[in-house]
Amino acid sequence: MFDLRAHTHLLVVAGSRAYGLHRPGSDVDVKGFAVPPRSWLLGFLHRFEQVDNVAGIAVFADVLSEAEQAVVRDTKLEGSVYGLAKFVRLAADANPHMLDALFCRDAEVRLCTPVGAALRDARDLFLSQRCRDSFGGYARAQLKRIRTHRRWLLTPPTDAPRRADFDLPEHSLMPREQLNAAQAAIRKQLDRWELDLDGLGKADSQRVRDEVTRVLGEQLAHDRYVVAGRAIGLDDNFVDLMDRERRYRAARAEFQQHQRWLRERNADRAALEAAHGYDTKHAAHLVRLLRMALEIVRTGEVHVWRGDLDGDELQAIRAGAWTYDALEAWAEATATQLNAEARDCPLPRRPDLEALEALTVRLTEEALS
(Lines give C-alpha, C1' and ligand atoms only; values in the text may rest on other atoms or scores of the structure.)
Protein backbone atom coordinates (compact mmCIF):
# COMPACT_ATOMS: atom_id res chain seq x y z
CA MET A 1 0.00 0.00 0.00
CA PHE A 2 1.24 3.48 -0.82
CA ASP A 3 1.57 6.28 1.74
CA LEU A 4 -2.12 7.17 2.07
CA ARG A 5 -1.51 10.26 4.17
CA ALA A 6 0.89 11.76 1.62
CA HIS A 7 -1.53 11.19 -1.27
CA THR A 8 -4.73 12.40 0.42
CA HIS A 9 -5.99 15.76 -0.82
CA LEU A 10 -9.14 16.24 1.24
CA LEU A 11 -10.16 14.98 4.65
CA VAL A 12 -13.14 16.30 6.61
CA VAL A 13 -14.85 15.38 9.84
CA ALA A 14 -18.17 13.80 8.90
CA GLY A 15 -21.26 12.40 10.57
CA SER A 16 -22.84 13.97 13.62
CA ARG A 17 -19.89 16.33 14.12
CA ALA A 18 -20.39 17.77 10.63
CA TYR A 19 -24.11 18.21 11.31
CA GLY A 20 -23.59 19.90 14.68
CA LEU A 21 -25.53 17.09 16.36
CA HIS A 22 -22.65 15.45 18.20
CA ARG A 23 -22.24 15.03 21.92
CA PRO A 24 -18.96 15.19 23.85
CA GLY A 25 -18.17 11.50 23.44
CA SER A 26 -19.60 11.03 19.94
CA ASP A 27 -17.50 8.93 17.58
CA VAL A 28 -15.18 10.69 15.16
CA ASP A 29 -15.80 9.80 11.53
CA VAL A 30 -13.86 11.19 8.55
CA LYS A 31 -14.35 11.26 4.79
CA GLY A 32 -11.97 12.26 2.03
CA PHE A 33 -10.26 11.40 -1.22
CA ALA A 34 -6.76 10.54 -2.39
CA VAL A 35 -4.95 10.29 -5.72
CA PRO A 36 -2.69 7.22 -5.72
CA PRO A 37 0.80 7.22 -7.27
CA ARG A 38 1.09 7.24 -11.05
CA SER A 39 2.01 3.53 -11.15
CA TRP A 40 -1.26 2.63 -9.42
CA LEU A 41 -3.17 4.47 -12.13
CA LEU A 42 -1.22 3.23 -15.14
CA GLY A 43 -0.29 -0.32 -14.16
CA PHE A 44 -2.40 -3.44 -13.77
CA LEU A 45 -1.15 -5.00 -10.53
CA HIS A 46 -2.55 -2.41 -8.14
CA ARG A 47 -5.91 -0.70 -7.89
CA PHE A 48 -7.15 1.80 -5.34
CA GLU A 49 -10.80 2.60 -4.75
CA GLN A 50 -11.02 3.23 -1.03
CA VAL A 51 -9.61 2.58 2.43
CA ASP A 52 -12.09 2.18 5.25
CA ASN A 53 -10.40 -0.12 7.76
CA VAL A 54 -9.49 1.31 11.16
CA ALA A 55 -5.76 0.67 10.72
CA GLY A 56 -5.67 2.53 7.43
CA ILE A 57 -7.65 5.52 8.67
CA ALA A 58 -5.60 5.79 11.88
CA VAL A 59 -2.83 7.68 10.02
CA PHE A 60 -5.01 10.79 10.11
CA ALA A 61 -5.46 10.95 13.89
CA ASP A 62 -2.93 13.76 14.34
CA VAL A 63 -4.78 16.17 12.01
CA LEU A 64 -7.84 16.14 14.26
CA SER A 65 -8.65 18.76 16.86
CA GLU A 66 -7.49 18.14 20.43
CA ALA A 67 -11.03 17.27 21.53
CA GLU A 68 -11.41 14.82 18.63
CA GLN A 69 -8.04 13.23 19.36
CA ALA A 70 -9.10 12.70 22.97
CA VAL A 71 -12.21 10.83 21.82
CA VAL A 72 -10.21 8.76 19.34
CA ARG A 73 -7.76 7.71 22.06
CA ASP A 74 -10.68 6.23 24.02
CA THR A 75 -12.42 4.71 21.00
CA LYS A 76 -11.06 4.66 17.44
CA LEU A 77 -11.03 6.77 14.31
CA GLU A 78 -13.40 5.55 11.61
CA GLY A 79 -14.21 6.66 8.10
CA SER A 80 -13.34 6.25 4.43
CA VAL A 81 -10.85 7.74 2.00
CA TYR A 82 -11.78 7.16 -1.64
CA GLY A 83 -9.85 7.35 -4.85
CA LEU A 84 -10.66 10.61 -6.62
CA ALA A 85 -12.47 8.88 -9.50
CA LYS A 86 -14.73 6.89 -7.16
CA PHE A 87 -15.37 9.95 -4.98
CA VAL A 88 -16.46 11.95 -8.05
CA ARG A 89 -18.57 9.06 -9.35
CA LEU A 90 -20.42 8.75 -6.04
CA ALA A 91 -20.85 12.51 -5.69
CA ALA A 92 -22.20 12.73 -9.24
CA ASP A 93 -24.87 10.23 -8.20
CA ALA A 94 -25.69 12.55 -5.27
CA ASN A 95 -24.40 10.22 -2.56
CA PRO A 96 -25.17 12.15 0.66
CA HIS A 97 -21.84 11.25 2.31
CA MET A 98 -19.84 12.66 -0.60
CA LEU A 99 -21.96 15.80 -0.77
CA ASP A 100 -21.49 16.24 2.99
CA ALA A 101 -17.72 16.25 2.45
CA LEU A 102 -17.97 18.79 -0.36
CA PHE A 103 -20.48 21.12 1.31
CA CYS A 104 -19.47 20.93 4.98
CA ARG A 105 -18.18 24.07 6.66
CA ASP A 106 -14.49 24.95 6.45
CA ALA A 107 -14.46 24.36 10.22
CA GLU A 108 -14.82 20.61 9.60
CA VAL A 109 -11.96 20.42 7.07
CA ARG A 110 -8.88 18.78 8.57
CA LEU A 111 -6.67 18.34 5.51
CA CYS A 112 -6.97 20.13 2.17
CA THR A 113 -4.42 20.57 -0.62
CA PRO A 114 -4.96 22.86 -3.63
CA VAL A 115 -6.44 19.81 -5.43
CA GLY A 116 -8.89 19.25 -2.58
CA ALA A 117 -9.79 22.94 -2.51
CA ALA A 118 -10.42 22.92 -6.25
CA LEU A 119 -12.90 20.06 -5.94
CA ARG A 120 -14.74 21.81 -3.12
CA ASP A 121 -14.82 25.02 -5.17
CA ALA A 122 -16.50 23.08 -7.99
CA ARG A 123 -19.04 21.39 -5.72
CA ASP A 124 -22.09 23.00 -7.34
CA LEU A 125 -21.36 20.91 -10.44
CA PHE A 126 -22.48 17.84 -8.51
CA LEU A 127 -25.96 19.12 -7.64
CA SER A 128 -28.89 17.78 -9.61
CA GLN A 129 -32.41 16.46 -9.16
CA ARG A 130 -30.83 13.13 -8.26
CA CYS A 131 -30.50 14.57 -4.73
CA ARG A 132 -34.21 13.98 -4.19
CA ASP A 133 -33.82 10.27 -4.81
CA SER A 134 -30.50 9.77 -3.04
CA PHE A 135 -31.36 11.64 0.15
CA GLY A 136 -34.87 10.22 0.03
CA GLY A 137 -33.47 6.72 -0.50
CA TYR A 138 -31.21 7.00 2.52
CA ALA A 139 -34.18 8.26 4.54
CA ARG A 140 -36.26 5.26 3.43
CA ALA A 141 -33.44 2.97 4.53
CA GLN A 142 -33.47 4.60 7.96
CA LEU A 143 -37.24 4.14 8.18
CA LYS A 144 -36.95 0.49 7.16
CA ARG A 145 -34.43 -0.13 9.95
CA ILE A 146 -36.68 1.69 12.42
CA ARG A 147 -39.65 -0.47 11.45
CA THR A 148 -37.64 -3.69 11.59
CA HIS A 149 -36.17 -2.92 15.01
CA ARG A 150 -39.57 -1.84 16.34
CA ARG A 151 -41.08 -5.12 15.16
CA TRP A 152 -38.29 -6.98 16.95
CA LEU A 153 -38.93 -4.92 20.10
CA LEU A 154 -42.70 -5.52 20.13
CA THR A 155 -42.80 -9.11 18.86
CA PRO A 156 -39.27 -10.52 19.13
CA PRO A 157 -38.77 -13.88 17.42
CA THR A 158 -38.19 -16.35 20.23
CA ASP A 159 -37.35 -19.48 18.28
CA ALA A 160 -35.61 -20.20 15.03
CA PRO A 161 -38.12 -20.89 12.24
CA ARG A 162 -38.72 -24.55 11.54
CA ARG A 163 -39.36 -26.14 8.19
CA ALA A 164 -42.64 -27.48 9.52
CA ASP A 165 -43.84 -23.89 10.05
CA PHE A 166 -43.88 -23.56 6.26
CA ASP A 167 -45.44 -26.98 5.66
CA LEU A 168 -42.09 -28.36 4.56
CA PRO A 169 -40.66 -31.80 5.38
CA GLU A 170 -37.70 -31.98 7.73
CA HIS A 171 -35.39 -32.38 4.78
CA SER A 172 -35.83 -30.87 1.34
CA LEU A 173 -37.47 -33.22 -1.17
CA MET A 174 -35.48 -31.88 -4.09
CA PRO A 175 -31.70 -32.01 -4.59
CA ARG A 176 -29.97 -28.72 -3.83
CA GLU A 177 -28.63 -28.52 -7.39
CA GLN A 178 -32.14 -28.81 -8.82
CA LEU A 179 -33.52 -26.25 -6.40
CA ASN A 180 -30.71 -23.78 -7.15
CA ALA A 181 -31.14 -24.24 -10.90
CA ALA A 182 -34.90 -23.61 -10.70
CA GLN A 183 -34.42 -20.57 -8.51
CA ALA A 184 -31.80 -19.22 -10.92
CA ALA A 185 -34.26 -19.65 -13.80
CA ILE A 186 -36.94 -17.74 -11.90
CA ARG A 187 -34.50 -14.94 -11.04
CA LYS A 188 -33.55 -14.74 -14.72
CA GLN A 189 -37.22 -14.37 -15.66
CA LEU A 190 -37.66 -11.66 -13.02
CA ASP A 191 -34.63 -9.85 -14.44
CA ARG A 192 -36.24 -9.92 -17.89
CA TRP A 193 -39.21 -8.05 -16.45
CA GLU A 194 -36.98 -5.38 -14.93
CA LEU A 195 -36.91 -2.09 -16.80
CA ASP A 196 -33.55 -1.48 -18.48
CA LEU A 197 -32.80 1.92 -16.99
CA ASP A 198 -29.03 1.74 -16.61
CA GLY A 199 -28.56 4.62 -19.00
CA LEU A 200 -30.48 6.92 -16.67
CA GLY A 201 -28.16 6.52 -13.71
CA LYS A 202 -28.98 5.10 -10.31
CA ALA A 203 -31.07 7.99 -8.98
CA ASP A 204 -33.13 8.56 -12.14
CA SER A 205 -33.75 4.84 -12.62
CA GLN A 206 -34.98 4.53 -9.04
CA ARG A 207 -37.39 7.40 -9.63
CA VAL A 208 -38.87 5.66 -12.70
CA ARG A 209 -39.18 2.33 -10.86
CA ASP A 210 -40.97 4.05 -7.96
CA GLU A 211 -43.39 5.72 -10.37
CA VAL A 212 -44.08 2.46 -12.24
CA THR A 213 -44.77 0.69 -8.94
CA ARG A 214 -47.15 3.47 -7.91
CA VAL A 215 -49.03 3.46 -11.23
CA LEU A 216 -49.40 -0.31 -11.53
CA GLY A 217 -50.52 -0.69 -7.93
CA GLU A 218 -53.12 -3.43 -7.85
CA GLN A 219 -51.77 -5.03 -11.03
CA LEU A 220 -48.63 -6.01 -9.10
CA ALA A 221 -50.59 -7.64 -6.29
CA HIS A 222 -49.71 -11.20 -7.38
CA ASP A 223 -46.47 -12.60 -6.04
CA ARG A 224 -44.01 -11.97 -8.87
CA TYR A 225 -41.97 -15.02 -7.85
CA VAL A 226 -44.90 -17.39 -8.39
CA VAL A 227 -45.92 -15.67 -11.63
CA ALA A 228 -42.34 -15.91 -12.91
CA GLY A 229 -42.27 -19.64 -12.14
CA ARG A 230 -45.41 -20.20 -14.17
CA ALA A 231 -44.02 -18.06 -16.99
CA ILE A 232 -41.06 -20.42 -17.50
CA GLY A 233 -43.31 -23.49 -17.51
CA LEU A 234 -42.82 -24.85 -14.00
CA ASP A 235 -45.62 -26.90 -12.44
CA ASP A 236 -47.72 -24.93 -9.92
CA ASN A 237 -47.10 -27.49 -7.17
CA PHE A 238 -43.37 -27.29 -7.79
CA VAL A 239 -43.42 -23.49 -7.76
CA ASP A 240 -45.44 -23.53 -4.54
CA LEU A 241 -42.90 -25.83 -2.90
CA MET A 242 -40.04 -23.61 -4.05
CA ASP A 243 -41.86 -20.54 -2.77
CA ARG A 244 -42.25 -22.10 0.68
CA GLU A 245 -38.55 -22.99 0.65
CA ARG A 246 -37.78 -19.39 -0.27
CA ARG A 247 -39.95 -17.97 2.52
CA TYR A 248 -38.42 -20.38 5.03
CA ARG A 249 -34.92 -19.27 4.10
CA ALA A 250 -35.95 -15.61 4.35
CA ALA A 251 -37.45 -16.19 7.82
CA ARG A 252 -34.32 -18.01 8.95
CA ALA A 253 -32.14 -15.17 7.64
CA GLU A 254 -34.21 -12.59 9.55
CA PHE A 255 -34.00 -14.66 12.73
CA GLN A 256 -30.22 -14.71 12.38
CA GLN A 257 -30.20 -10.95 11.79
CA HIS A 258 -32.24 -10.49 14.96
CA GLN A 259 -29.80 -12.59 16.97
CA ARG A 260 -26.87 -10.60 15.59
CA TRP A 261 -28.68 -7.34 16.43
CA LEU A 262 -29.15 -8.47 20.01
CA ARG A 263 -25.47 -9.37 20.34
CA GLU A 264 -23.95 -6.34 18.68
CA ARG A 265 -26.20 -3.34 19.27
CA ASN A 266 -24.84 -0.42 21.25
CA ALA A 267 -25.97 -0.29 24.88
CA ASP A 268 -26.96 3.40 24.67
CA ARG A 269 -28.90 2.70 21.47
CA ALA A 270 -30.69 -0.21 23.14
CA ALA A 271 -31.67 2.07 26.04
CA LEU A 272 -33.17 4.60 23.62
CA GLU A 273 -35.21 1.90 21.91
CA ALA A 274 -36.39 0.47 25.20
CA ALA A 275 -37.43 3.88 26.49
CA HIS A 276 -39.24 5.12 23.37
CA GLY A 277 -40.27 1.99 21.51
CA TYR A 278 -38.18 2.73 18.43
CA ASP A 279 -34.70 3.87 17.39
CA THR A 280 -34.84 7.62 17.93
CA LYS A 281 -31.30 8.15 16.65
CA HIS A 282 -32.31 6.69 13.28
CA ALA A 283 -35.37 8.94 13.45
CA ALA A 284 -33.24 12.08 13.82
CA HIS A 285 -31.18 11.06 10.79
CA LEU A 286 -34.35 10.34 8.80
CA VAL A 287 -35.75 13.80 9.54
CA ARG A 288 -32.43 15.48 8.71
CA LEU A 289 -32.13 13.65 5.38
CA LEU A 290 -35.65 14.50 4.23
CA ARG A 291 -35.27 18.13 5.29
CA MET A 292 -31.96 18.41 3.44
CA ALA A 293 -33.62 16.90 0.37
CA LEU A 294 -36.41 19.51 0.55
CA GLU A 295 -33.87 22.33 0.94
CA ILE A 296 -31.90 21.13 -2.07
CA VAL A 297 -34.89 20.78 -4.43
CA ARG A 298 -36.29 24.13 -3.28
CA THR A 299 -33.14 26.26 -3.32
CA GLY A 300 -30.29 24.26 -4.82
CA GLU A 301 -28.37 24.69 -1.55
CA VAL A 302 -26.91 22.02 0.74
CA HIS A 303 -26.98 22.81 4.45
CA VAL A 304 -24.82 20.20 6.15
CA TRP A 305 -24.44 22.08 9.44
CA ARG A 306 -27.77 21.94 11.26
CA GLY A 307 -26.71 23.73 14.42
CA ASP A 308 -28.31 27.06 13.54
CA LEU A 309 -31.21 25.59 11.57
CA ASP A 310 -33.02 22.72 13.27
CA GLY A 311 -30.25 21.27 15.42
CA ASP A 312 -32.16 21.69 18.69
CA GLU A 313 -35.23 19.96 17.30
CA LEU A 314 -33.19 17.12 15.84
CA GLN A 315 -31.52 16.63 19.22
CA ALA A 316 -34.97 16.56 20.83
CA ILE A 317 -36.17 13.94 18.32
CA ARG A 318 -33.13 11.84 19.16
CA ALA A 319 -34.10 12.18 22.83
CA GLY A 320 -37.61 10.89 22.11
CA ALA A 321 -39.66 14.06 21.61
CA TRP A 322 -41.67 12.47 18.78
CA THR A 323 -43.81 9.38 19.15
CA TYR A 324 -43.38 6.59 16.65
CA ASP A 325 -46.80 7.33 15.11
CA ALA A 326 -45.88 11.01 14.76
CA LEU A 327 -42.64 10.08 13.00
CA GLU A 328 -44.47 7.77 10.56
CA ALA A 329 -47.05 10.44 9.76
CA TRP A 330 -44.39 13.12 9.28
CA ALA A 331 -42.25 10.89 7.07
CA GLU A 332 -45.19 10.02 4.80
CA ALA A 333 -46.35 13.63 4.50
CA THR A 334 -42.84 14.95 3.86
CA ALA A 335 -42.04 12.31 1.24
CA THR A 336 -45.24 13.32 -0.59
CA GLN A 337 -44.30 16.97 -0.32
CA LEU A 338 -40.79 16.25 -1.58
CA ASN A 339 -42.11 14.48 -4.66
CA ALA A 340 -44.48 17.36 -5.40
CA GLU A 341 -41.89 20.10 -4.99
CA ALA A 342 -39.27 18.20 -7.00
CA ARG A 343 -41.25 19.03 -10.14
CA ASP A 344 -40.22 22.70 -9.75
CA CYS A 345 -36.64 21.96 -8.73
CA PRO A 346 -34.22 24.58 -10.19
CA LEU A 347 -31.44 22.01 -10.60
CA PRO A 348 -30.69 20.03 -13.77
CA ARG A 349 -32.02 16.47 -13.98
CA ARG A 350 -28.47 15.14 -13.80
CA PRO A 351 -25.02 16.70 -13.48
CA ASP A 352 -22.83 17.52 -16.48
CA LEU A 353 -20.80 14.33 -16.52
CA GLU A 354 -18.45 15.54 -19.25
CA ALA A 355 -17.57 18.59 -17.15
CA LEU A 356 -16.96 16.36 -14.13
CA GLU A 357 -14.83 14.03 -16.26
CA ALA A 358 -12.67 16.95 -17.41
CA LEU A 359 -12.38 18.19 -13.83
CA THR A 360 -11.32 14.75 -12.60
CA VAL A 361 -8.65 14.45 -15.30
CA ARG A 362 -7.31 17.93 -14.57
CA LEU A 363 -7.16 17.38 -10.82
CA THR A 364 -5.51 13.97 -11.26
CA GLU A 365 -2.82 15.53 -13.46
CA GLU A 366 -2.27 18.29 -10.92
CA ALA A 367 -1.97 15.76 -8.09
CA LEU A 368 0.54 13.64 -10.00
CA SER A 369 2.64 16.68 -10.89
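# Exercises on a predicted model

Just past helix 6, Ala-94 adopts a positive phi of about 65°. Helices (H or I, at least four residues) and strands (E, at least two) are DSSP runs, numbered from the N terminus. The model is predicted: local features need pLDDT of at least 70, side-chain atom pairs count only at pLDDT 80 or more, and totals for chains, interfaces and linings use all residues. Residues are numbered from 1 along each chain as its sequence is written, and side-chain values use heavy atoms, with hydrogens and water left out.

**Exercise 1.** List the buried residues of helix 6.

Solution. Start with the cut-offs: buried means under 20% relative accessible area, exposed over 50%, partly exposed in between (1.4 Å probe, protein chains only). Helix 6 covers residues 84-92. Its buried residues are Leu-84, Lys-86, Phe-87, Val-88, Ala-91 and Ala-92.

**Exercise 2.** Find the aromatic pairs and classify the one formed by Trp-152 and Trp-261.

Solution. Rings of Phe, Tyr and Trp (its six-membered ring) pair if their centres lie within 6.5 Å; planes under 30 degrees apart count as stacked, over 60 as edge-to-face and the rest as tilted. Searching the whole structure gives eight aromatic pairs. For Trp-152 and Trp-261, the centres are 5.2 Å apart and the planes meet at 50°, so this pair is tilted. Trp-152 belongs to helix 9 (residues 130-154) and Trp-261 to helix 13 (residues 236-264), 109 residues apart, so the pair links distant parts of the chain. Both Trp-152 and Trp-261 are buried.

Trp-322 and Trp-330 are each buried. Finally, ring pairs join Phe-2, Trp-40 and Phe-48 in a cluster.

**Exercise 3.** Which rings have Arg-105 and Arg-150 over their faces?

Solution. The test asks for NZ of Lys or CZ of Arg within 6 Å of the ring centre and within 35 degrees of the ring normal. Arg-105 sits over Trp-305, 3.5 Å from the ring centre. Arg-150 sits over Tyr-324, 4.1 Å from the ring centre.

**Exercise 4.** How many disulfides does a search of the whole structure find?

Solution. A disulfide is a pair of cysteine sulfur atoms within 2.5 Å. The search returns zero. Take Cys-131: the nearest cysteine sulfur is that of Cys-345, 7.8 Å away. That distance is too far for a bond. Check accessibility next. Cys-131 has 0% relative accessibility, so it counts as buried. Cys-345 is buried as well, at 11%.

**Exercise 5.** Describe the surroundings of Glu-328.

Solution. Locate Glu-328 in helix 17 (residues 324-341). Its relative accessibility is 17%, so Glu-328 counts as buried. Now list contacts (heavy atoms within 4.5 Å). Leaving out residues up to four places away in sequence, Glu-328 touches Leu-143 and Arg-147.

**Exercise 6.** Which strands pair with strand 4?

Solution. Two strands pair if DSSP finds at least two bridges between them. Strand 2 (residues 28-34) runs parallel to strand 4, with seven bridges. Here Gly-32 stands opposite Val-81. Strand 3 (residues 50-51) runs antiparallel to strand 4, with two bridges. Gln-50 has Tyr-82 as its bridge partner. Six of the seven residues of strand 4 (residues 77-83) are buried, so the rest of the structure largely encloses this strand.
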